[in-house]
Structures are given as structure tokens and as C-alpha cells.
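Open your viewer and get ready to select residues by number. We will go stop by stop.

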Amino acid sequence: MNYSLVFSTALIACLMSPLAFSAACPDILNSKQRLLNSTESIELCKEFQGKTLLVVNTASQCGYTSQFEELEQLYQTYKSKGFTVVGFPSNDFRQDKGSEAQSAKICYLDYGVTFPMMARTPLTGNGANPVFMQIQAQAGISPQWNFYKFLINKQGKVIATFPSSTSPVSLTLKNAIEQQL
């Protein structure tokens, strides 16, 4: 009997099992999230594992809301290279009032957003979204205002944070993204 072949086959079977894939999922992506103004949910690991991410807490009635346009531009520029923007609307700073339908209209219709937008969620405290709990644990910082940006590498580590005032198309942010692609 060829034990080498049996061992190799068994090893491949183990590595291909769903358990092996879930074990490799970074903690920051280990959750299921509902999409904005939808009943549909996605598993973050399945959608984003191995990609460079820019996680942004958004608000539809903020002075920075126009950044949706630049975030979409950034997404379109780099999406074919394993990059995505992921928006997390929140009313933590009292600037995403009204219904999710209103927030979705502003994102999708007013600004033409095509990158993934999750359901409205709290960012801080006991009820914080698990993604932002991981961001806090890794980076030691929570969003200080709307449109705070967190760059996450392919291994699921927060490698840079950018304040609301940083334009999504700034050279600083684009250079940081390009270094991860």
C-alpha cells in the first residue's frame, strides 16, 4: 500500500473541509451581516476572506456624506485587484436618522454606491457590531465620527486608520491600499 498517497489524500480532504476554511477565517470576518435595507445576509468570511478591505462607518445625513462618491470611485479603481469597500451605516453620532430605506436611497440612488453596505448597526458599547469590536481590539480605536476608515489587510488585520477628514481618494489612503494589493 502506498502510504504516502493515502496520507496526501487524507491531508487534502482535511484541508478542503468546511471546518478547515472556517478555522482559517480571521476573527474580524467571522460574522454574518444583514445587507442595508434587505432581508438578505452575507457571511463576511465567504465574501471577503483574502481581500484587502476598507471598512467605513457611514451616515446618510453628515457633512461627510458626499464621501460616498469618492468611496465608490476608490472601489471601482481597485475592485479587480482584490479590494473592496464595506460600509456600515450607524446612527451612533445621530446623523443617520430615519429608516434604513432612507439611508439606502441616499447610498444607492443619490450617490450610486455599488460596494457592499451592511445594515445600520451600533459601533461602540456592549451592542457593538462584531466587526467594530474586532477593530477596537486590534487597533485600540473606535470611530471618532462618521466616515472613519479602517484599512484591513488580506490576513484580517487592521493596518491603518484614517479620520473622517481623510478623503477616500487622497494619495495617503490610495498608497496604503496599493501597498496591500
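**Stop 1: the largest nonpolar core.** Select Leu-54, Val-85 and Phe-115. Of the 22 residues in the largest nonpolar core, these three touch the most other members. Keep in mind that the model you are viewing is predicted. Now color the elements that give two or more residues to this core: strand 3, helix 4 (67–78), strand 4, helix 5 (100–110), strand 6 (158–162) and helix 7 (171–180). Which element gives the largest share of this core? Helix 4 does, with five residues. In soluble globular proteins, nonpolar side chains tend to be buried together.

**Stop 2: Phe-115.** Zoom in on Phe-115 and show its contacts. Leaving out residues up to four places away in sequence, Phe-115 touches Phe-68, Leu-71, Glu-72, Tyr-75, Val-85 and Gly-87. Next, select Ile-28, Met-118, Leu-123 and Ile-152. They are among the 21 residues of a second, separate core.

**Stop 3: the cavity.** Rolling a probe the size of a water molecule over the atoms shows where empty space is left. How many cavities of 30 Å³ or more are there? The count comes to one. The volume of the largest cavity is about 60 Å³. To see its lining, select Ile-28, Leu-29, Leu-44, Phe-48, Leu-53, Val-55, Val-86, Phe-88, Val-131 and Ile-152. Helix 3 (44–48), strand 3 (52–58) and strand 4 (83–89) each give two or more residues to this lining. Color the lining of the largest cavity by class: you get 10 nonpolar residues, no polar ones and no charged ones.

**Stop 4: helix 6.** Select residues 130–139, which form helix 6. Its buried residues are Val-131, Phe-132 and Ile-135. Look down the axis. These residues cover an arc of only 90° around it, so they sit on the same side of helix 6. What covers them? The cover includes strand 1 (32–34), helix 3, strand 3, strand 4, strand 5 (149–152) and strand 6.

**Stop 5: helix 7.** Move on to helix 7 and pick out its buried residues, Leu-173, Ala-176 and Ile-177. Their arc around the axis is only 100°, which puts them on the same side of helix 7. Then turn the view around. Which exposed residues does the face turned away from the buried side of helix 7 carry? They are Leu-171 and Gln-179. Back on the buried side, the cover over the buried residues of helix 7 includes strand 3, helix 4, strand 4, strand 5 and strand 6.

Note on methods. Residues are numbered from 1 along each chain as its sequence is written. This is a predicted model: local features need pLDDT of at least 70, side-chain atom pairs count only at pLDDT 80 or more; totals for chains, interfaces and linings use all residues. Side-chain values use heavy atoms; hydrogens and water are left out. On a 1 Å grid over the protein atoms alone, a cavity is a set of points where a 1.4 Å probe fits but cannot get out, and a pocket is an open set with protein on both sides within 12 Å along at least five of seven lines; lining residues have an atom within 4 Å of a point. Grid points are joined across faces, edges and corners, and a volume is the space filled by probe spheres set on the points. Helices (H or I, at least four residues) and strands (E, at least two) are DSSP runs, numbered from the N terminus. Ala, Val, Leu, Ile, Met, Phe, Trp, Tyr, Cys and Pro count as nonpolar, Asp, Glu, Lys and Arg as charged, and the others, Gly among them, as polar. A nonpolar core is a set of buried Ala, Val, Leu, Ile, Met, Phe, Trp, Tyr and Cys residues joined through side-chain atoms within 4.5 Å. Buried means under 20% relative accessible area, exposed over 50%, partly exposed in between (1.4 Å probe, protein chains only). Contact means heavy atoms within 4.5 Å. The arc is that of the directions from the helix axis to the C-beta atoms.
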